[in-house]
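Here are a few exercises on helix packing, aromatic pairs and model confidence. Grab a viewer and try each one before reading its solution.

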Protein chains: 2
Amino acid sequence: MFDSVQLKTPRLDKEAFVAVIEPLREKLLDAQFELAQRKRKAILLLINGSDGAGKGETLNRIYEWLDDHFLETLSYTKPTDDERMRPPEWRYWRDMPAKGRIGLVLGGWHHRILRDRALGEMSASAFDGAIEEINRNEEMLSRDGVIVLKVWLHVDDAKARRRLAKLREADGALRRAVVVEWDRIKGRKQRARLNEAAFALIEKTSTAHAPWEVIAAEDWRYRDTEIARLLLATLERANAEPAPASSPSHAEPPAGSARPSLLASLVLSKSVGANAYAKSLDALQQRLSELTTAKRFENRGLVLLFEGNDAAGKGGAITRVRAALDPRRFRVHGVAAPTDEESARPYLWRFWRDVPRLGHSAIFDRSWYGRVLVERVERLCPPEDWMRAYSEINDFERQLTRANLVVVKFWMAIDPEEQLRRFREREAQPTKRYKLTKEDWRNREHARLYEAAANDMFDRTSTRPAPWTLVEANDKKFARLKVLRTIVARLEETE
Amino acid sequence: MFDSVQLKTPRLDKEAFVAVIEPLREKLLDAQFELAQRKRKAILLLINGSDGAGKGETLNRIYEWLDDHFLETLSYTKPTDDERMRPPEWRYWRDMPAKGRIGLVLGGWHHRILRDRALGEMSASAFDGAIEEINRNEEMLSRDGVIVLKVWLHVDDAKARRRLAKLREADGALRRAVVVEWDRIKGRKQRARLNEAAFALIEKTSTAHAPWEVIAAEDWRYRDTEIARLLLATLERANAEPAPASSPSHAEPPAGSARPSLLASLVLSKSVGANAYAKSLDALQQRLSELTTAKRFENRGLVLLFEGNDAAGKGGAITRVRAALDPRRFRVHGVAAPTDEESARPYLWRFWRDVPRLGHSAIFDRSWYGRVLVERVERLCPPEDWMRAYSEINDFERQLTRANLVVVKFWMAIDPEEQLRRFREREAQPTKRYKLTKEDWRNREHARLYEAAANDMFDRTSTRPAPWTLVEANDKKFARLKVLRTIVARLEETE
């Protein structure tokens with residue numbers, strides 16, 4: 001793989017360099033300007049390679065070529081405590097550039113697993129698993145408007161180290177800003193393991209969506225022209241993509257299949273008496289309080305999400321859960337229309353913003369499942385987008401659970417008669433009137449489509465780490481107890 | 001001050017409570033709904049008081065009354081390292097709720113100085129200085145759309161401590177989520193100093209903009225009705241405020257006064273030869289590299305801002321500075337139209353977002369001074385707003401410099417003839433054409449107004465910690481050297 005890079009060391013003389021680079025610079029600036037104007041794609045350029053291969057120089061050169069107002073450097077080293085308190089993917093999501101912008105990434109996700117592997121802190125199979133996940137993630141980004149461009153700057157090991165040594169002053173300060181990423185890799189064994197891992201990584205993550213470019217970096221003029229060409233090709237690709245069709249008109253999703261419906265199998269009328277309710281509610285809330293204020297909870301966290309029929313009692317259930325939580329350590333997130341900062345980024349970005357720190361809880365009243373429910377039924381996004389959302393969501397939730405967040409997902413179900421009764425009640429009651437909108441009435445007409453979408457969703461996203469709990473909610477009291485009992489059980493079983 | 005709270009302990013029986021609270025709840029929900037719909041004001045409710053007075057209970061009660069989708073708890077304890085790496089005010093700014101929302105604050109800015117004072121970590125004069133700054137800050141918030149409401153829950157000391165003891169389990173876990181803020185205050189002396197400081201604080205920060213309400217919290221029913229009444233009054237006040245006039249039409253700012261003009265006094269033609277330039281540039285960049293990659297820089301940071309005439313060479317100067325910086329530790333911020341998340345918050349919020357961590361640099365190409373330049377000249381905000389901006393900006397910059405950020409402010413000045421020449425040049429040059437807009441031509445017509453605004457700005461915001469540097473920029477080379485030299489000097493003198 002990429003053996004060519006080791007065979008020859010291409011060189012450019014000054015004259016040839018100027019002749020190539022000057023026209024490129026002009027085109028680069030024009031293309032970047034178009035990217036910034038159209039605001040349809042973001043570009044992430046991941047700069048990897050040996051120390052001393054000129055990662056910092058390359059970065060600086062790009063700043064010379066492009067307009068720095070639409071450019072940002074995303075550099076990752078040791079995680080801060082805010083980052084350590086969240087899934088490792090969180091910091092990359094937090095920094096995601098908006099469409100129209102270019103992010104230059106140093107020390108990104110490839111670097112992290114390479115270092116862990118070279119230091120022997122990651123097994124071969126974990127390394128392979130991480131690679132698969134990277135591929136899925138980069139595919140998702142590329143489908144969601146972010147072009148991922150990966151560069152490996154290659155330079156002979158011995159030369160790179162001589163070069164680095166020259167740049168360091170006696171007191172350790174660097175004469176020029178040099179990017180040193182691999183100083184923990186010492187000795188032949190670790191270096192060999194790093195090289196082997198790097199080649200495996202490049203081979204296995206060179207996908208159609210986000211291929212690697214390995215560039216011989218011995219000669220800076222050659223390196224810079226290659227980078228400039230690559231950037232220009234990427235910008236032109238980004239600008240050439242047609243605008244998404246504004247109103248996708250496609251066939252109705254397949255009508256109710258013969259598959260048995262989980263929802264239809266529920267006995268919605270389950271109920272509980274007032275006394276039993278009061279007693280159980282108190283006991284469950286007390287237990288939830290204990291579990292979430294205990295010392296051990298500081299290394300865990302709760303992500304609760306509520307979906308379900310309109311008027312199924314999500315708000316009431318949330319209130320009962322919330323009352324048991326430390327008010328300083330939870331937040332309730334309603335899903336409203338995305339802000340413009342959210343619209344400018346991949347779909348899951350706005351939910352990543354709300355991922356809680358360890359020791360905290362986030363309660364989502366409606367959630368990322370909107371993609372495969374309302375957006376599917378109301379045709380707000382093309383079928384490709386909601387179809388791929390299932391596996392993207394599974395990845396997302398696995399990233400949460402792997403970082404010790406307990407993900408509990410509720411579907412609150414009521415039957416159409418009960419729903420109608422509650423709509424009428426809301427119309428009559430002043431403090432609840434604002435809860436009922438025209439949309440609620442319209443959704444009722446699409447009940448069959450919503451049911452099909454929900455059944456697909458259960459099938460495709462009820463995973464072992466993050467299963468769905470269907471809640472029979474015709475009786476509010478029964479539903480609230482089931483919600484609390486489920487959360488308590490999930491916390492206890494994962495303790 | 002508020003002696004009444006210590007004399008009587010008001011009580012409400014259950015019946016009286018229900019009779020009062022039920023109609024209040026309905027009105028509260030309606031008023032909150034209106035706040036969320038109008039999106040014109042945000043509310044910060046700061047909940048302070050003795051431990052055991054029911055801060056957590058009050059918080060929970062508010063969640064019961066209101067719609068939790070537009071409500072958030074902002075709770076501050078020990079700063080994280082991300083917070084420690086920035087000015088102490090940063091974390092409050094970061095969390096600022098958007099208009100239409102209510103933030104419930106625990107452990108806010110009052111708590112911080114009270115604790116420091118009670119522990120003897122803050123002198124009496126520093127305490128008084130902090131109080132003055134709090135007042136200015138709260139006035140700014142209230143003028144910028146954030147209503148600050150401050151509550152002190154008072155309860156007899158001995159009773160509060162008995163109450164707390166009962167709630168703690170043997171293993172330290174709390175039976176209910178109780179807010180414990182003062183556990184570092186121990187012994188009579190510290191408690192006495194805390195009480196004294198609290199009364200001084202309440203007295204001195206009870207302003208027309210953000211008065212304190214001291215509430216007797218012995219009886220929870222009385223406490224809750226008082227809180228509910230207060231909240232309702234605040235919501236109604238927020239909703240009653242008229243929409244700001246959409247196009248303020250007011251008199252032209254006073255024509256050029258008799259005051260001598262700093263700008264007119266500049267000798268814009270200062271220049272430097274090509275050889276001297278190349279030599280000095282290299283030396284200055286090298287020195288800047290050393291200063292910003294040295295170990296000691298990790299506890300400092302740079303905030304550079306560039307204002308000036310259009311085409312005065314801000315971009316070129318920024319490029320020369322940037323080239324000397326570690327590309328992983330700076331960001332260039334152009335000032336574009338605010339996003340909707342930014343428009344929903346006080347003016348300075350979007351700049352607080354970009355305040356760099358220690359060890360990093362932020363370069364602003366145009367800045368918060370837009371308020372007193374373009375917004376004043378083009379009448380984009382009423383005169384009251386830009387008039388108060390001078391002192392708000394001085395406070396902001398003092399907060400930056402106090403936190404070890406070196407703030408360097410440049411005004412790049414060219415004369416009208418040189419500007420015209422550069423405009424024509426830009427029109428002719430393809431890579432620079434996009435830099436010239438219709439606005440640039442229009443701004444030229446308002447040159448006199450911009451000059452008056454700039455002169456006022458120098459007079460009112462050239463402070464000792466953050467002085468302005470006026471740069472004679474008819475000769476680009478001279479200007480670039482002056483910029484670099486100034487930054488190096490400022491870094492050296494503050495070392």
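**Exercise 1.** In this predicted model, work out how H7(A) and H16(A) are oriented to each other.

*Solution.* The two helices, H7(A) and H16(A), are oblique to each other. To see where that comes from, start with the geometry: H7 covers residues 124-143 of chain A, and H7(A) packs against H16(A) at an angle of about 130°, with the axes 11 Å apart. Next comes the hand, and the crossing of H7(A) and H16(A) is left-handed. Now look at who touches whom: H7(A) brings A:Glu133, A:Arg136, A:Met140 and A:Arg143, while H16(A) answers with A:Arg388, A:Glu392, A:Asp395, A:Arg398, A:Gln399 and A:Arg402. Sort those by class and you get eight charged residues, one polar and one nonpolar.

**Exercise 2.** Stay on H16(A) and describe how it packs with H19(A).

*Solution.* H16 spans residues 383-402 of chain A and H19 spans residues 447-461 of chain A; their axes come within 10 Å and cross at roughly 45°. That angle makes H16(A) oblique to H19(A). As for the hand, H16(A) passes H19(A) in a right-handed crossing. On the H16(A) side the contact uses A:Met387, A:Tyr390, A:Asn394 and A:Glu397, and these meet A:Asp456, A:Met457, A:Arg460 and A:Thr461 of H19(A). The class tally for this contact is three charged, three nonpolar and two polar residues.

**Exercise 3.** Classify the ring pair A:Trp386 and A:Tyr390.

*Solution.* First, place the residues: both sit in helix H16 of chain A, four residues apart, which is about one turn of the helix. A pair of aromatic rings is described by the distance of the centres and the angle of the planes. Across all chains there are 36 aromatic pairs. For A:Trp386 and A:Tyr390 the centres are 6.5 Å apart and the planes stand at 85°, so this pair is edge-to-face. A:Tyr390 also turns up among the H16(A) residues that meet H19(A).

**Exercise 4.** Over in chain B, are H17(B) and H18(B) roughly parallel or roughly antiparallel?

*Solution.* H17 runs over residues 416-428 of chain B and H18 over residues 438-445 of chain B, with axes that come within 12 Å and cross at roughly 165°. H17(B) and H18(B) are therefore roughly antiparallel. Their crossing is left-handed. B:Pro416, B:Gln419, B:Leu420, B:Phe423, B:Arg424 and B:Glu427 of H17(B) make the contact with B:Asp440, B:Trp441 and B:Arg444 of H18(B). That gives four nonpolar, four charged and one polar residue.

**Exercise 5.** Which stretch of chain A has a pLDDT below 50?

*Solution.* Begin with the average: chain A has a pLDDT of 89, and 92% of its residues score at least 70. The stretch to flag is residues 246-251 of chain A, where pLDDT is below 50; beyond near neighbours in sequence, it has seven contacts in the model. Where pLDDT is low, the predicted coordinates should not be read in detail. For the complex, the predictor gives an ipTM of 0.83 and a pTM of 0.88.

Methods:
Residues are numbered from 1 along each chain as its sequence is written. Chains are lettered from A and ligands numbered from 1 in the order in which they are written. This is a predicted model: local features need pLDDT of at least 70, side-chain atom pairs count only at pLDDT 80 or more; totals for chains, interfaces and linings use all residues. Side-chain values use heavy atoms; hydrogens and water are left out. Axes are lines fitted to C-alpha atoms, for helices over the stretch in contact, and angles run from 0 to 180 degrees between N-to-C directions. Angles under 35 degrees count as roughly parallel, over 145 as roughly antiparallel, 65 to 115 as roughly perpendicular and the rest as oblique. A crossing is left-handed if the near helix is turned anticlockwise from the far one by less than a right angle, and right-handed if clockwise. Contact means heavy atoms within 4.5 Å. Ala, Val, Leu, Ile, Met, Phe, Trp, Tyr, Cys and Pro count as nonpolar, Asp, Glu, Lys and Arg as charged, and the others, Gly among them, as polar. pLDDT is the predictor's confidence in each residue, from 0 to 100. Rings of Phe, Tyr and Trp (its six-membered ring) pair if their centres lie within 6.5 Å; planes under 30 degrees apart count as stacked, over 60 as edge-to-face and the rest as tilted.
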